Amino acid sequence: MAEPGIRARRVAERRQQILDAARAVADADGWGAVTSRRLADAIGYTQPVLYQHFPGGKTEIMRTVALAGFAELAQATRAAMGYKTGARAAVAVAGAYLDFAAAHPSLYDAMFQLPIDARFAQDDAEAELRSGFNALAAALDDSDGTATEVFWSALHGMSLLERAGRMRLEHRPNRVAELAARFGD
């Protein structure tokens with residue numbers, strides 16, 4: 001019998017394999033292609049093993065992937081902001097946000113488009129969501145969150161419109177500068 005620490009590590013590794021496989025399938029073929037059968041085949045386990053790790057099935061897997069995405073987005077925006085303040089911070093954060101959305105479209109969909117039952121901008125929101133929101137708020141020096149919600153919604157709209165080809169990518173710096181001018185000071 002395996003030691004408890006070894007067993008816990010194996011469970012965590014298998015969970016991560018499932019999540020990595022879900023992201024890979026979604027990246028290749030979209031979230032509609034993420035099925036328990038396909039994930040089980042991808043990781044070499046049976047479907048019941050998937051449900052042992054994620055009793056909520058695909059919805060729980062998407063939610064877990066999305067929450068990890070929020071943590072990644074928060075890290076990217078914080079790194080971009082560094083010690084910048086004012087409009088420079090807003091420009092840096094906006095650029096990092098839009099780059100993240102463009103580089104990870106299926107992850108971004110899981111975060112914002114799929115039904116994951118996440119509580120945005122709520123005091124009881126998951127730590128990953130609060131972290132993402134707080135990273136944006138720090139760039140704006142926004143204490144009550146209202147400006148952050150407007151800034152975030154503008155970035156979200158830009159990311160979706162860019163992906164759909166409805167905004168000219170070469171104009172992104174101008175859009176970001178305009179946004180920063182309105183929110184950066």
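Helices here are DSSP runs of at least four residues, numbered from the N terminus. The model is predicted. By this numbering, tyrosine 97 lies in helix 5.

Tyrosine 97 has 0% relative accessibility and therefore counts as buried, the cut-off being under 20%. Leaving aside residues up to four places away in sequence, Tyr97 touches Leu73, Thr77, Tyr108, Phe112, Trp152, Leu155, His156 and Ser159.

Helix 5 has 18 residues. At 1.5 Å a residue, helix 5 should span 26 Å. The buried residues of helix 5 are Ala89, Ala90, Ala92, Val93, Ala94, Gly95, Ala96, Tyr97, Leu98, Phe100 and Ala101. They pack against helix 4, helix 6, helix 7, helix 8 and helix 9.

Tyr97 also belongs to the largest nonpolar core, which has 50 residues. Trp31, Leu39, Ile61, Tyr97, Met111, Phe151 and Leu155 have the most contacts inside this core. At least two core residues come from each of helix 1 (4-29), helix 2 (36-43), helix 4 (57-81), helix 5 (86-103), helix 6 (105-112), helix 7 (127-140), helix 8 (146-163) and helix 9 (172-183). Domain 1 (1-54) and domain 2 (59-182) both contribute residues, so the core lies between them. Phenylalanine 151 touches Ala90, Val93, Ala94, Leu136, Leu140, Leu179 and Phe183, again not counting residues up to four places away in sequence.

Six aromatic pairs occur in the structure. Phenylalanine 133 and tryptophan 152 form one of them, a tilted pair. The ring centres are 5.7 Å apart, with 40° between the planes. This pair links distant parts of the chain. Phenylalanine 133 is in helix 7 and tryptophan 152 is in helix 8, 19 residues apart. Both residues are buried. Ring pairs also connect Phe70, Tyr97, Tyr108, Phe112, Phe133 and Trp152 into a cluster.

An unreviewed UniProt entry lists residues 18-62 as "domain: HTH tetR-type". In the model, the chain over residues 18-62 is 73% helix and 0% strand. The end C-alpha atoms of this stretch are 11 Å apart.

Technical notes: Residues are numbered from 1 along each chain as its sequence is written. This is a predicted model: local features need pLDDT of at least 70, side-chain atom pairs count only at pLDDT 80 or more; totals for chains, interfaces and linings use all residues. Side-chain values use heavy atoms; hydrogens and water are left out. A nonpolar core is a set of buried Ala, Val, Leu, Ile, Met, Phe, Trp, Tyr and Cys residues joined through side-chain atoms within 4.5 Å. Buried means under 20% relative accessible area, exposed over 50%, partly exposed in between (1.4 Å probe, protein chains only). Domain bounds come from an automatic or database domain assignment. Contact means heavy atoms within 4.5 Å. The expected span of a helix is 1.5 Å times one less than its number of residues. UniProt positions are given in the numbering used here, feature names are shortened, and annotations may be inferred rather than shown by experiment. Rings of Phe, Tyr and Trp (its six-membered ring) pair if their centres lie within 6.5 Å; planes under 30 degrees apart count as stacked, over 60 as edge-to-face and the rest as tilted.
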